[in-house]
Structure formats: structure tokens, C-alpha cells
Amino acid sequence: MLSIVKTSQAKNRIRHWFRKERREENIARGRDALEREARKQNLELEIIRGERIQEYARRVTQSTVDDLYAAIGDGQLIPSQVVTKIRDEYRTEKERRPLAEEMMKKAESKAAEWGKPTQGIRVKGIDNLLIRLAHCCNPVPGDPIVGYITRGRGVSIHRDDCVNIKPIQGEEPERVVEVAWDKDFQSPFQVKLEVTGMDRAGFLNEVLNVLLDLKINASWVNARSRKDQMALIELALQVRNTEQLEYLINKIKRVKDVYGVRRVSTG
Ligand SMILES: [Zn+2]
């Protein structure tokens with residue numbers, strides 16, 4: 001069929017259409033396979049839906065649930081393994097639910113005092129928690145933050161303007177707890193930056209030299225050229241706090257031909 005199509009533009013359009021079509025098929029196939037497997041394991045379909053599967057999808061580095069389905073649909077992931085993993089998490093979560101409820105009650109009480117710090121974070125009214133800094137917004141000391149009592153995995157810490165925390169504040173306010181940075185904690189925190197500028201020789205090096213000068217570690221760098229003569233550099237770095245981060249951003253902005261520097265959050 002492709003051979004009778006005259007222009008390459010039309011060919012591209014058709015290829016694109018086939019690819020899209022294939023993705024949609026894979027999504028449907030993946031979803032079906034997952035549900036079939038859940039039934040086989042005698043699980044309620046609820047268990048492999050909603051927040052639980054979203055979290056799972058994020059964790060296996062597929063960004064959305066559709067991506068996860070598509071990966072199952074084209075054979076990259078095995079449905080029985082996915083379902084087993086989610087089922088095990090569900091069981092752990094159920095065992096820990098009373099703990100989560102107890103935490104919520106403690107945090108709610110007005111007279112609550114700040115708990116002992118864990119990994120640089122204090123939670124109002126609660127000690128000894130599993131603390132996890134959320135990867136969607138990568139908070140660093142100095143950012144206003146809130147805690148979210150997860151289903152069975154302790155408290156995850158978000159910037160208070162994170163797109164993932166906003167809806168929860170409205171729907172499940174009892175899960176959102178007051179948290180604060182522990183000033184004595186000195187370990188570095190991860191942030192992601194996006195630098196745009198003119199696509200020219202030496203641009204990436206000059207940006208990386210700023211990091212070198214400030215002795216800031218980049219754990220990941222990705223640079224690419226865009227069609228419009230723009231270079232896009234993505235960086236994952238370790239900083240101590242917002243002051244250091246702002247200082248760094250201002251330094252990068254002063255590199256020749258830099259158009260913008262942005263701290264990145266993913267939804
Ligand atoms: Zn977040």
C-alpha cells in the first residue's frame with residue numbers, strides 16, 4: 001500500500017497513523033491481559049485500577065497507565081508478573097492501613113508537636129516514619145513543602161505547589177500533613193533543570209563548566225538540538241538548598257546565549 005503513495009509527506013502521515021493505531025491496539029491488548037490475569041488470580045479488578053496502578057506505572061518508569069498497558073500489550077512486560085507485584089503491594093498496604101489511620105489521627109491533633117527528623121524532614125505529630133521525597137517535584141530545603149500519607153509507604157514529601165498534591169488537598173485533606181525541613185540535615189537533594197539556549201558549538205560545555213566551578217554534581221545530563229536552532233539541556237543535579245539552587249540558576253543565566261533556565265516538575 002505504501003508504494004502507491006506519491007509524496008513522502010503522505011507516507012510519513014500514513015506511517016504515523018499506523019504507529020498510532022498499533023499503540024492503541026497495544027493499550028487495549030495490555031489492559032485486557034491485565035484484567036484476565038487478575039480474574040485468574042481471583043482478585044477484584046479494583047485492585048489493579050486507580051491510584052495503585054498509577055503509582056506502579058510511574059515506578060516502572062512508564063509515565064502513564066496507558067504506557068504501562070502498551071508495554072504489556074507489545075510484550076515488554078508480563079501480565080502475571082505485573083498483577084502479582086500489584087497484588088503483593090495491595091496486601092502489604094492492607095496490613096499497614098491501621099498504621100496510616102493512626103498517623104492521620106496523630107497529625108490532626110492540634111496540640112501535636114514536631115516529630116524527630118528523618119532524612120531531613122520533621123512531621124507534625126509523628127516520629128519514625130518512612131520519608132520519601134517525591135520525584136514529581138523534587139523538593140529541596142527552602143521550598144515550602146507538605147507531606148502526604150501514602151497507602152502503606154510512609155509519608156511522601158511534595159512542594160506545596162506540586163500539581164500532584166493540589167487535587168489531594170481538596171479530596172483527601174486528612175492525608176496531607178504538616179512537615180518541615182530539619183535545618184541540621186546537610187545531605188544534597190536532587191533537582192532537575194532545563195536550560196534552553198542557542199544551538200552552537202561549546203554551549204553545553206559552558207553550561208557544564210558553571211556546575212564544575214560551583215562543585216555541583218550532575219547525576220544526569222541530556223542535551224539535544226531542536227529544529228528551531230535551539231539547544232535544550234536537561235540536568236539532574238544535587239544541591240543543598242534553594243539558596244544554592246537560585247545562585248546556580250543565576251550563574252547559568254549569565255552564560256552567553258542562554259535563553260532560559262527552568263526548574264522542572266513532572267506531573
Ligand atoms: Zn510532587
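**Figure 1. V146 and its neighbours.** Leaving aside residues up to four places away in sequence, V146 touches H158, D160, I165, V176 and V179. Here, two residues touch, or are in contact, if their C-beta atoms, placed from the backbone, lie within 7 Å. Keep in mind that this is a predicted model: local features need pLDDT of at least 70, side-chain atom pairs count only at pLDDT 80 or more, and totals for chains, interfaces and linings use all residues. To find a residue yourself, count from 1 along each chain as its sequence is written.

**Figure 2. The nonpolar cores.** Which residues of the largest nonpolar core touch the most other members? They are V123, V146, Y148, V155, V177 and V179, out of 19 residues in this core. At least two residues come from each of α4 (79-108), β1 (121-123), β3 (145-149), β4, β5 and β6 (179-181), and β3 gives the most, with four residues. A second, separate core has 16 residues, among them I233, L235, L248 and I252. A nonpolar core is a set of buried Ala, Val, Leu, Ile, Met, Phe, Trp, Tyr and Cys residues joined through C-beta atoms within 7 Å. Buried residues have 20 or more other C-beta atoms within 10 Å of their own, exposed ones 12 or fewer, and partly exposed ones fall in between, again with C-beta atoms placed from the backbone.

**Figure 3. An open sheet of four strands.** The strands line up in the order β2-β4-β3-β5, with mixed pairing. β2 (131-133) and β5 (176-177) stand at the edges with a single partner strand each, so one side of each has no neighbour in the sheet. β2 runs parallel to β4 (residues 155-159), joined by three bridges, and I131 stands opposite V155 in β4. Strands pair if DSSP finds at least two bridges between them. Helices (H or I, at least four residues) and strands (E, at least two) are DSSP runs, numbered from the N terminus.

**Figure 4. The β8-β9 hairpin.** Now look at β8 (residues 218-225) and β9 (residues 230-239), which pair in the antiparallel sense over seven bridges. N222 stands opposite E234 in β9. Four residues lie between the two strands of this hairpin, and Q229 in the turn has a positive phi of about 65°. How many of the eight residues of β8 are buried? The count is zero, and this strand is hardly covered.

**Figure 5. Helix α1.** This helix (residues 8-40) has 33 residues and reaches 47 Å from its first C-alpha to its last. That is close to the 48 Å expected at 1.5 Å a residue, where the expected span is 1.5 Å times one less than the number of residues. Buried residues in α1 are N26, I27, G30, A33, L34, E37 and A38. After α1 comes N42, with a positive phi near 55°.

Figure 6. The protein is divided into domain 1 (2-89), domain 2 (115-181) and domain 3 (189-263), with bounds from an automatic or database domain assignment. The centres of domain 2 and domain 3, taken over C-alpha atoms, are 28 Å apart. Six residues from domain 2 and 10 residues from domain 3 take part in the contact. On the domain 2 side, three are nonpolar, two polar and one charged. Ala, Val, Leu, Ile, Met, Phe, Trp, Tyr, Cys and Pro count as nonpolar, Asp, Glu, Lys and Arg as charged, and the others, Gly among them, as polar.
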